[in-house]
Amino acid sequence: MGKLKVGIIGCGGIANQKHMPSITEAGLADMVAFCDIKKERADEAAKKFGTASAKTYERYQDLLEEKLDAVYVCTPNRSHSEITVAALNADKHVLCEKPMAINTKEALKMCEAAKATKKLLTIGYQSRYRPDSRYLKKECEAGVLGEIYYARAKAIRRRAVPTWGVFLNEYEQGGGPLIDIGTHALDLTLWMMDNYKPKTVTGTVYHKLNNETEPANAFGAWDPKEFTVEDSAFGFIVMESGATINLEASWALNTLDIDEAKTVLCGTKAGADMHDGLTINGTLHDRLYVTRPDLGIGSVAFYEGAEDSPIVMEQKVFLGAVAGKNELVILPEQAFVVTQILEAIYDSAKAGKQIVL
């Protein structure tokens, strides 16, 4: 069998910085079709990453008429569901960038379409493929932590507000740091806990620093008039099991406690913390212990070895599943619960009360 044939819908930042380079590096698929509402971006992507005969489009509906094995949805959040459902119905497997959808209703449409068409659907939560994440997942599965009953999902930036594209546009994105980077931290935490049954959600959302004109922002100053999403958001989630999760997300916050796409887990047998590298803590022989696993793979003098980056591993898992060689790691039903909780945090903040799911 030759390489898989895939199409890219949305040729902006996430496609250029993450997906198209990593598809190339994975070496399992040819990019033969590109689509963007600004056709010049599709043309440029095709020249850089596509096959010699790659085609370009302005309308995703036209791209979906091509004979493709899979499609990547790399558009603003608002269109994730519409395009994904259309691609699934067009007999394509789909990798959709995170978050799954702008709200629970749209996420459910995606799950139902994947089930009805029997096509594969996965979401771009590449943090699961980091070495620390994979190691900690094995520890959790082995029962090292016992019952995990408290966790912190952390996505905190001090001053790193993305000022390009539509990141600051609430209509297009559905929110700010909560739906952008908080989604990674929550996905990672739920996956480690293997707990996808939320019961209640209480949330707070802040617009406290949006009007700063000299913010010392990593990506340059923003236009306060365009900054319509929150600058930080926090959620308190109680699961049906009684476990609780604190979710912290910010693009701009006056803090030095900075962590992104990290989790802290507290179980009945041990705990885990990703703050400064992965550590496992607990008690043994009536003494406290902290262990720090060596996540390198080198074992031969003068050779440290090499392994795929998380974004390349993401492509190999998805494309391998499309080829029937392995199973997906990130399931649409799991991503649906992430979207459900994020929406409940926004709803709770707006209503000023707890949301019961």
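**Entry 1: Ala 216**

I started in the loop between strand 8 (198-206) and strand 9 (232-239), where Ala 216 sits. Helices and strands here are DSSP runs numbered from the N terminus: helices are H or I with at least four residues, strands are E with at least two. The model is predicted, so I noted that local features need pLDDT of at least 70 and side-chain atom pairs pLDDT 80 or more, while totals for chains, interfaces and linings use all residues. Residues are numbered from 1 along each chain as its sequence is written, and side-chain values use heavy atoms, with hydrogens and water left out.

I looked up the phi of Ala 216. Phi is near 55 degrees, a positive value in a residue other than glycine. Is Ala 216 buried or exposed? Ala 216 counts as exposed, at 68% relative accessibility. I wrote down the cut-offs: buried is under 20% relative accessible area, exposed is over 50%, and partly exposed lies in between, with a 1.4 Å probe and protein chains only.

I went on to His 285. This residue is in the loop between strand 13 (279-284) and strand 14 (287-291). Its phi is positive too, about 55 degrees, although His 285 is not a glycine. With 70% relative accessibility, His 285 counts as exposed.

Next I checked Pro 99, in the loop between strand 5 (93-96) and helix 5 (104-117). The peptide bond that joins Lys 98 and Pro 99 is cis, with omega about -10 degrees.

Then I turned to Arg 59, in the loop between strand 3 and helix 3 (60-63). Arg 59 is partly exposed, with a relative accessible area of 44%.

In what order do the six strands of the open sheet stand? I read 3-2-1-4-5-6, with parallel pairing. Two strands pair if DSSP finds at least two bridges between them. The edges are strand 3 (55-57) and strand 6 (121-123), each pairing on one side only. On average, neighbouring strands of this sheet are turned by 25 degrees against each other, direction ignored.

Strand 1 (residues 4-9) and strand 2 (residues 29-35) pair in the parallel sense over six bridges. Lys 5 stands opposite Asp 30 in strand 2. Ile 8 stands opposite Phe 34 in strand 2. Strand 2 is mostly covered, with six of its seven residues buried.

Strand 9 and strand 10 (residues 244-250) are joined by seven bridges. Phe 234 has Glu 248 as its bridge partner in strand 10.

**Entry 2: helix 6 against helix 8**

I checked how helix 6 (residues 131-141) meets helix 8 (residues 177-193). Their axes come within 9 Å and cross at roughly 30 degrees. Axes are lines fitted to C-alpha atoms, for helices over the stretch in contact, and angles run from 0 to 180 degrees between N-to-C directions. The two helices are therefore roughly parallel to each other, a term for angles under 35 degrees.

Which residues make the contact? I listed Ser 133, Leu 136, Lys 137 and Cys 140 of helix 6, and Leu 188, Trp 191 and Met 192 of helix 8. Contact means heavy atoms within 4.5 Å.

**Entry 3: helix 10**

I finished with helix 10 (residues 332-351), where Gln 334 lies. Of its 20 residues, 14 are buried, so helix 10 is largely enclosed by the rest of the structure. Gln 334 counts as buried, at 14% relative accessibility. Leaving aside neighbours within four places in sequence, Gln 334 is in contact with Arg 128, Tyr 196 and Val 329. Just after helix 10, I noted Gly 352, with a positive phi of about 70 degrees.

Note on methods. Angles under 35 degrees count as roughly parallel, over 145 as roughly antiparallel, 65 to 115 as roughly perpendicular and the rest as oblique.
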